[in-house]
Amino acid sequence: MFRSAASFTFRPALPLPTSRPPAVRDSQPGAPGMLPSDADLVQRIKAGDTNALGEVYDRYASLALATARRVLGDPAAAEDVVHDAFVGMWRRMSQFDADRGSLRSWLLTMVRNRAIDRIRARRPQLDLDQADELALLRSEAATTADEAMKRIATGDVRAAVDRLPSEQRRAVELAYFEGYTYREIASITGVPEGTASGRLRLALSKLRGALVGSEAAPEYVARLEQSGGHR
Amino acid sequence: MTPRLECGDVDALAAEYAVGALEPSMEREIAVHLRTCPAPHTETREWLAVAERLPDSLDAAEPSPALRNRIMRTITRLEQERAPARTEAHGRPVRGRFGWFSQRVASGVALAAVVLALAVGVRLVQLEQQTAEREQLLRAVAAAEATYAVTGPAGEGWILETEQGVLFVAADLEAPPPDHIYELWLLDRQGQPIPVGVLTDAGEGVLSTVRLDRDLGGAAAFAVTAERGRVERPTTDPVLVASLE
């Protein structure tokens, strides 16, 4: 029965651009001399403009490469990963909605996934197609809060991370840059899983408080500290 | 049917999700929940935004001049490869390939059909859990903004556009072959399939529901194929299809 619908077949699996311009959040051209917004670049890429991808590269390649190098520790392999991530972004751009998602977040998640996939021989390899699809979803989830975060200077981010207690910073690094689950982090660092999770929560709460500030944040962090990160 | 995460489950795992410290299956469930849940999940989203700034804590890296050229060469080659496909896509409208299945039905008629099918499902479905889900479904059906009939050799079902997202609903679908699942697709106007979910519990007496991973914006059709696990591109012909235009 599963071939009985033979009159209906899918087209060859080739990526195609969308036939109509996508809606973008800030589609108005920037003022003279200003850089185009990410949404503008997305729109142009969807229309098949390869130069627009070059502009995205110029904007984010350094950050993407830094992420890949941090995970892999191998400059050549890191460039391979960045290449693959940009190509993956090009292929999947028709699925990206600039109204909902962050281009930066999406790209960096693809870089991170590919880099971690290269070093994680001990765990089943990621299905990169599924991971890319997931990266699209992740890129949408933070956009509201992302507006405030975008205004934070890079140096402030580094300073905030440096100020974290070493065990919390280590937990975040093991997760984000080395691809370990909280259960694996617990095993690696010799603490219960709840403690590993608590360290992640404390670290993110402190980073959030340090970066965007909040009157409630110190009290909240203090409560978390008292409970070892358990809510 | 896989139990869905509650909002509290998502919030409890917010930190682990933000820094990518969950197994991929759980990460996916949370991502889909955040995509479709009307609750704000403020802390989860804030932590995710914080985690996404972590690469800024790294030393800057200067790509080699060759990397940019390499990427652009690859992209140019991809563009050249897909140019013939564009011609074909424009020469064969999607509608022409979908001519045999039923067109969108009037909303009122479809709604009545869904309610009727779900009522039949009451008799077929024995599990208490599914009965509760059926009641949720009936509420979703009542609030549906649009419905589309889905038909094919595997049975029939409906696509419901609701405020909470897009649902695929089917009662008593034929089970897929052994070791197969049903994968759900949206097709854009060029006929390109976009994976939007899987259905793993089809069979006689089963009321199946899947919340699609995305809305219907830009989609011309919906289709279901039987696959050996989730795939990026369909490998078999559809067993259920619907026009969304």
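Buried means under 20% relative accessible area, exposed over 50%, and partly exposed in between, using a 1.4 Å probe and protein chains only. The model shown is predicted: local features need pLDDT of at least 70, side-chain atom pairs count only at pLDDT 80 or more, and totals for chains, interfaces and linings use all residues. Residues are numbered from 1 along each chain as its sequence is written, chains are lettered from A and ligands numbered from 1 in the order in which they are written, and side-chain values use heavy atoms, with hydrogens and water left out.

**View 1. Tyr176(A) and Phe177(A) form an edge-to-face pair.** Rings of Phe, Tyr and Trp (its six-membered ring) pair if their centres lie within 6.5 Å; planes under 30 degrees apart are stacked, over 60 edge-to-face, and the rest tilted. Here the ring centres are 5.0 Å apart and the planes meet at 85°. Phe177(A) is buried, at 3% relative accessibility. Tyr176(A) is buried too, at 5%. The charged end of Arg112(A) sits over the ring of Tyr176(A), 5.0 Å from its centre. For this, NZ of Lys or CZ of Arg must be within 6 Å of the ring centre and within 35 degrees of the ring normal.

**View 2. Tyr57(A) and Phe86(A) form a tilted pair.** Over all chains, the structure holds four aromatic pairs. In this one, the centres are 5.3 Å apart, with 55° between the planes. Tyr57(A) lies in helix H2 (residues 50-72) and Phe86(A) in helix H3 (residues 75-92), 29 residues apart. Helices (H or I, at least four residues) and strands (E, at least two) are DSSP runs, numbered from the N terminus. Tyr57(A) is buried, at 6% relative accessible area. Phe86(A) is buried at 0%.

**View 3. H10 of chain A packs against H4 of chain B.** Residues of H10(A) in the contact (heavy atoms within 4.5 Å) include Arg201(A) and Leu204(A). Among their partners in H4(B) are Glu46(B) and Trp47(B).

**View 4. H4(B) is mostly covered.** Seven of its 10 residues are buried. Among them are Thr44(B), Arg45(B) and Trp47(B). Chain B as a whole has eight helices and eight strands. Of its 245 residues, 55% count as buried.

Definitions and conventions:
Axes fitted to C-alpha atoms, helices over the stretch in contact; angles between N-to-C directions.
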